[in-house]
Amino acid sequence: LASLNLMDLIYWKDTERTGVVFTGLVVGLLSLFQLSIITVVSTISLGVMCFTVSVRLYYKILQVLNMGDGVHPFKAYLDLDISFSGELADQYTQKTIVTIVSAANSLKNLFLVGNLFDSLKLLALMYLVTFLGDLCNGLTLLIIAVITLFSLPLFYRQHQAKVDSFFAGIQAKIDNVMDILHRIAQGGGPTPDPTPGGAKPKTQ
């Protein structure tokens, strides 16, 4: 259910709700450029509490004046069950552990050069990331990631055929280059002739 609600937000199925979440995230992250995270969190919490308490008091006054039924304005949210069953909690725990162990094994193989080619790719990537760090900080990247999360999936859904065709061409070129580099790393030599018995001389 949580994953479905997240996908609904990302694909803007409920424009009003997605707009509120998206705007809140971006404004909150932008606030961190000028204010500390403690100030931002406390200010947002204060604003939410002022709103909820005001609405609660308003409904309470209506009940006292016999102008309302006295139903709690946030009853639907209070009754919302967000707890996990024991089986579901175990399932998520096992997935988390498997993911962490898999990531640790991958990092071990990369940093201890289990595969020379993969380690060289990581080395090149980290070198490029140092230049990225000189251009912007982690908070900027986080803001870009949020904007990307709420824009690219919808763009891809609307232009899926063109995007797939474009990336298929790029992937073909990358695979060709990677194949050449892989053969060079293994000792070089031309691509083996797929003809059974190898190429045969032409008869004159």
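In this predicted model, Asp179 and Arg183 are joined by a side-chain salt bridge, with an N to O distance of 3.2 Å. Both residues belong to helix α9 (residues 160-185). They sit four residues apart, about one turn of the helix. Asp179 is partly exposed, at 36% relative accessibility. Arg183 is also partly exposed, at 22%.

The count of salt bridges comes to three. One of them links Asp118 to Lys121, with the closest N and O atoms 3.4 Å apart. This pair lies in helix α6 (residues 116-135). The spacing is three residues, about one turn of the helix. Asp118 has a relative accessibility of 32% and counts as partly exposed. Lys121 is partly exposed as well, at 39%. Another salt bridge pairs the side chains of Lys75 and Asp79, at 3.1 Å from N to O. Lys75 is partly exposed, at 43% relative accessibility. Asp79, at 53%, is exposed.

Helix packing was examined for α2 and α7. Helix α2 (residues 15-31) packs with helix α7 (residues 138-149) at an angle of about 170°. Their axes are 10 Å apart. The angle lies over the 145-degree cut-off, so α2 and α7 are roughly antiparallel to each other. On the α2 side, the contact is made by Phe22, Leu25, Val26, Leu29 and Leu30. Helix α7 contributes Leu139, Leu142, Ile143, Val146 and Ile147.

A nonpolar patch on the surface is formed by Ile61, Val64, Leu65 and Met67. Together, these residues have about 450 Å² of accessible area. Val64 is found in helix α3 (residues 37-64). Its relative accessible area is 64%, so Val64 is exposed.

Definitions and conventions. Residues numbered from 1 in each chain as written. Predicted model: local features only at pLDDT ≥ 70, side-chain atom pairs only at ≥ 80, totals over all residues. Heavy atoms only, no water. Patch = residues over 30% accessible without salt bridge, like charges linked within 9 Å, V, L, I, M, F, W, Y side chains within 5 Å. Areas by Shrake-Rupley, 256 points an atom, 1.4 Å probe, with all protein chains shown as cover. Salt bridge = Lys/Arg side-chain N within 4 Å of Asp/Glu carboxyl O. Helix = DSSP H or I, 4+ residues; strand = E, 2+ residues; numbered from the N terminus. Buried < 20%, exposed > 50% of the residue type's maximum accessible area, 1.4 Å probe, protein only. Axes fitted to C-alpha atoms, helices over the stretch in contact; angles between N-to-C directions. Parallel < 35°, antiparallel > 145°, perpendicular 65-115°, else oblique. Contact = heavy atoms within 4.5 Å.
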